[in-house]
Amino acid sequence: MSLAINTLSQTLLNGSKKIAFVAAMILTVGVSSSFAHTNDDDVKASFRKDFKKAEIMTTETGKSFTKLTFKMNDVIMYAFYSENGQLLAVTRNIRSNQLPIQLLLDVKKDYSEYWISDLFELTGEGASNYYITLENADTRVTLRSVGSDSWEVYERKAKN
């Protein structure tokens, strides 16, 4: 694994929970290119090409990526770009009824005594994954979709 990927991973893992998921997804799909020095113009030009009618709300530059928060069709989304302007992933918060039906049924069956505290879709490399965080009084469980019909445990933590 290259130093740049390790740096990206560490930077992302030190950020919010969602950014940590993005790091995992980026590493999972095999982004292994080295990153050049940040070029904000390349990132914004790529963004404008990828999302012609979107409105940029905020831009955050990390050591190895740039996160753009934007609004498109009245939906807030987040795009992650490499320093050379390559789109790495896009995330958006969703409601449980927007999950593929099998994923929703599995959550209702296997985690009926939990509530949903976070749910988002991550799209990168032409594939979508869903991440859901479920909680009860004692435990916080984060699941990652495997395709559109099953879940795997991404993280499980006991609450203090």
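Guide: Let us begin with contact, which means heavy atoms within 4.5 Å. Helices (H or I, at least four residues) and strands (E, at least two) are DSSP runs, numbered from the N terminus. By these terms, what covers the buried residues of helix H4 includes strand S6 (127-135), strand S7 (139-146) and strand S8 (150-158). The model is predicted: local features need pLDDT of at least 70 and side-chain atom pairs count only at pLDDT 80 or more, whereas totals for chains, interfaces and linings use all residues. Residues are numbered from 1 along each chain as its sequence is written, and side-chain values use heavy atoms, with hydrogens and water left out.

Visitor: Which residues of helix H4 are buried?

Guide: Buried means under 20% relative accessible area, exposed over 50%, and partly exposed in between (1.4 Å probe, protein chains only). In H4, which spans residues 101-110, the buried residues are Leu103, Leu104, Asp106 and Val107. They lie on the same side of H4, because they cover an arc of only 160 degrees around the axis; the arc is that of the directions from the helix axis to the C-beta atoms. The exposed residues Ile101, Lys108 and Lys109 are carried on the face turned away from that buried side.

Visitor: Why do residues three or four places apart point the same way in an α-helix?

Guide: An α-helix has 3.6 residues a turn, so residues at that spacing point the same way. Helix H3 (residues 40-50) can be read in this manner, with Val43, Ser46 and Phe47 buried. These three are on the same side of H3, because their arc around the axis is only 100 degrees. Asp41 and Lys49 are exposed on the face turned away from the buried side.

Visitor: Against which strands do the buried residues of H3 pack?

Guide: They pack against strand S1 (55-61), strand S2 (65-72) and strand S3 (75-82).

Visitor: How many aromatic pairs does the structure hold?

Guide: Rings of Phe, Tyr and Trp (its six-membered ring) pair if their centres lie within 6.5 Å; planes under 30 degrees apart count as stacked, over 60 as edge-to-face and the rest as tilted. The structure holds eight such pairs. One of them joins phenylalanine 47 and phenylalanine 70 edge-to-face, at 5.0 Å centre to centre and with 75 degrees between the planes. This pair links distant parts of the chain, with phenylalanine 47 in helix H3 and phenylalanine 70 in strand S2, 23 residues apart. Both phenylalanine 47 and phenylalanine 70 are buried.

Visitor: Which type of pair do phenylalanine 51 and phenylalanine 70 form?

Guide: Their pair is tilted, with 4.7 Å centre to centre and 45 degrees between the planes. Phenylalanine 51 is in the loop between H3 and S1, 19 residues from phenylalanine 70 in strand S2. Phenylalanine 51 counts as buried because its relative accessibility is 10%, and phenylalanine 70 does so at 0%. Phe47, Phe51, Phe70 and Tyr81 form one aromatic cluster.

Visitor: What does methionine 72 contact, leaving aside its neighbours within four places in sequence?

Guide: With those neighbours set aside, methionine 72 is in contact with Phe51, Ala54 and Met77. Methionine 72 is found in strand S2 and counts as partly exposed, at 22% relative accessibility.

Visitor: How many salt bridges are there?

Guide: A salt bridge is a side-chain nitrogen of Lys or Arg within 4 Å of a carboxyl oxygen of Asp or Glu. By this rule the count comes to six. Among them, glutamate 152 and arginine 144 have their closest N and O atoms 2.7 Å apart. Arginine 144 is buried, with a relative accessible area of 16%, whereas glutamate 152 is partly exposed at 32%. Another salt bridge joins the side chains of glutamate 135 and arginine 140 (3.4 Å, N to O). Here glutamate 135 is buried at 10%, while arginine 140 is partly exposed at 32%.
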